[in-house]
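Subject: Structure handover

Hello,

Here is the structure for your files. My notes follow below it.

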Amino acid sequence: MRRILVSLGWLAGFALLGGGAMEVFGRAMFPHLHAPEPHEKLIALGAAFGLNLFVLAMCFALLPGARRPPGVAQPFGLAQGIWGMVGFGLAMAGGGALLANVLTIENLALIARHAAARVNFNGPAFMLATVLAGESAAALWVVWYLRRLGSARMRDGGESGIGWCAAPALGYVSAAVTAVWIVCSVGLLFHFFPPDMRALRNLPESQLFESRGLAALPLLAVALFIGPALEEVVFRGIAFAGLAARLGPVRAAVITTLAFMAAHAPEKMYYPPGFIDVGLMAACAVVLRLRFRSIRPAIALHILYNAGSILAAVLFVR
């Protein structure tokens, strides 16, 4: 209870400090602006910036009084499994939002100097930058959290371990065969239940795929390698292990699969049949994780699934 109250105190402090800083910034940069509404928006922007910093500081346990005291043993169970998913999402959202707020403040400073704004907040470059910032923050958080859990748990291939250990060749062969099966299922879904491409093109996420040339490489790296590895470590590693320690592997598999599907809801809600292949991939990843006592075949499956799904989508569009 004490840590919750301290955390709320830190939250209020960050928000007030951010709002106050932006109030000072606004009066210095826009001395002739006397209308209350613009100042209120600046204060709200500063408060949001402070909240971003609070979220990241909270995720990385940087706030005294709101974290576990140094030297106290780190437990691992249901709460830690749930926090694995929640912390991952918060770190990703916080990293992307922090960059967005920084760029917004920079644009305000340029406007105050009567200079041209640099950032197009509706363009694909801005969205790609926020995605990369979010993925980077999430990757740092995953590495940090794994270090807190310890190398022994990280390399443990049992139900209550992360499973970052070597897998037999059969595990990767099984991952490849399973990926081909799921991607073929994606193709069949596209054929029998074609998506509304006009609606999908209007989604903000679709702007990411408008990048061409070298600008598309960071997005491909995230979609094909970084994202799958992080998500598997979080959902089939940290979250599954924590939940399995308390609820058993079957319930942990069901919960983490449903959570994984929910995490992909924003991109699948406009094409509900897409939940089928996402759920299949998540369930098969758990089976591979348990069958071969390693998370690496699950990562291979996720990489191949993403690559095949992107290829299937490109072929369908053409």
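**Aromatic pairs and surroundings**

Phe260 is buried, at a relative accessible area of 1%. Buried here means under 20% relative accessible area, exposed means over 50%, and partly exposed is in between (1.4 Å probe, protein chains only). Phe235 is buried too, at 6%.

Before the rest, the ground rules. This is a predicted model: local features need pLDDT of at least 70, side-chain atom pairs count only at pLDDT 80 or more, and totals for chains, interfaces and linings use all residues. Residues are numbered from 1 along each chain as its sequence is written, and side-chain values use heavy atoms, with hydrogens and water left out.

The structure holds nine aromatic pairs. Rings of Phe, Tyr and Trp (its six-membered ring) pair if their centres lie within 6.5 Å; planes under 30 degrees apart are stacked, over 60 edge-to-face, and the rest tilted. One of the pairs is Trp144 with Tyr145, which is tilted: 6.3 Å centre to centre, with 35 degrees between the planes. Trp144 is partly exposed at 21% relative accessible area. Tyr145 is buried at 2%.

Phe235 and Phe260 pair edge-to-face, at 5.3 Å centre to centre and 85 degrees between the planes. Phe235 lies in helix H8 (residues 216-247) and Phe260 in helix H9 (residues 249-263), so this pair ties together parts that are 25 residues apart in sequence. Helices are DSSP runs (H or I, at least four residues), numbered from the N terminus.

There is also an aromatic cluster, formed by Phe60, Trp83, Trp141, Trp144 and Tyr145.

Next, charges over rings. The criterion is NZ of Lys or CZ of Arg within 6 Å of the ring centre and within 35 degrees of the ring normal. Arg291 lies over the face of Phe292, at 4.9 Å from the ring centre. Arg296 lies over the face of Trp164, at 4.4 Å.

Just after H11, Arg293 takes a positive phi of about 50 degrees.

Last, a loop residue. Arg118 sits between helix H3 (78-112) and helix H4 (124-149). Arg118 is exposed, at 64% relative accessibility. Leaving out residues up to four places away in sequence, Arg118 touches Glu106, Asn107 and Leu110 (contact: heavy atoms within 4.5 Å).

Best wishes

How values were computed. Helix = DSSP H or I, 4+ residues; strand = E, 2+ residues; numbered from the N terminus.
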